[in-house]
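Subject: Structure for your review: salt bridges

Dear colleague,

Please find below the structure I am handing over to you. I would be grateful if you would look at the charged side chains with the notes that follow the display.

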Amino acid sequence: MWKAQLDISKPEHLATALGNVFSAGEVKEIIAAAGTAEVKAELAATTERAVKELGAFGVPWFWVLDGEGKGEPFFGSDRWHFMWEFLGLPFEDLRLKARI
């Protein structure tokens, strides 16, 4: 999830987004690693597996594994509560407040 509608396909915007979580040095390392043949090959292989074997489509798309190794796909930014339920995590669902 990104704020400010940054086009993270541009390195300067990716650096800005990453800078919200990582140090400046870590951001430089991440950006540099992303351009390596090894990382590009791993990304291509992971993407191919996600689409062809796991049925990924659209974004956001998540493959969630429970503690026993069972996997389940989830699509959409409004599916967090389904993922938490699948994982057996305690959560408080959305609820309407009384109108006074």
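The paragraphs below describe the salt bridges and the exposure of the residues that form them.

Please bear in mind that this is a predicted model. The number of salt bridges found in it is three.

One of them joins K52 and E48, whose side chains approach to 3.4 Å, N to O. Both residues belong to helix α3, which covers residues 37-52. They lie four residues apart in that helix, so about one helical turn separates them. K52 has a relative accessibility of 65% and is therefore exposed, the cut-off being over 50%. E48, at 45% relative accessibility, is partly exposed.

A further salt bridge links the side chains of R49 and E53, with an N to O distance of 3.5 Å. Here E53 is exposed, its relative accessible area being 59%. R49 is partly exposed, with a relative accessibility of 43%.

The remaining pair is R79 and D78, where the closest N and O atoms are 2.6 Å apart. R79 has a relative accessible area of 30% and is classed as partly exposed. D78 is likewise partly exposed, at 47%.

Yours sincerely,

A colleague

Note on methods. Residues are numbered from 1 along each chain as its sequence is written. This is a predicted model: local features need pLDDT of at least 70, side-chain atom pairs count only at pLDDT 80 or more; totals for chains, interfaces and linings use all residues. Side-chain values use heavy atoms; hydrogens and water are left out. A salt bridge is a side-chain nitrogen of Lys or Arg within 4 Å of a carboxyl oxygen of Asp or Glu. Helices (H or I, at least four residues) and strands (E, at least two) are DSSP runs, numbered from the N terminus. Buried means under 20% relative accessible area, exposed over 50%, partly exposed in between (1.4 Å probe, protein chains only).
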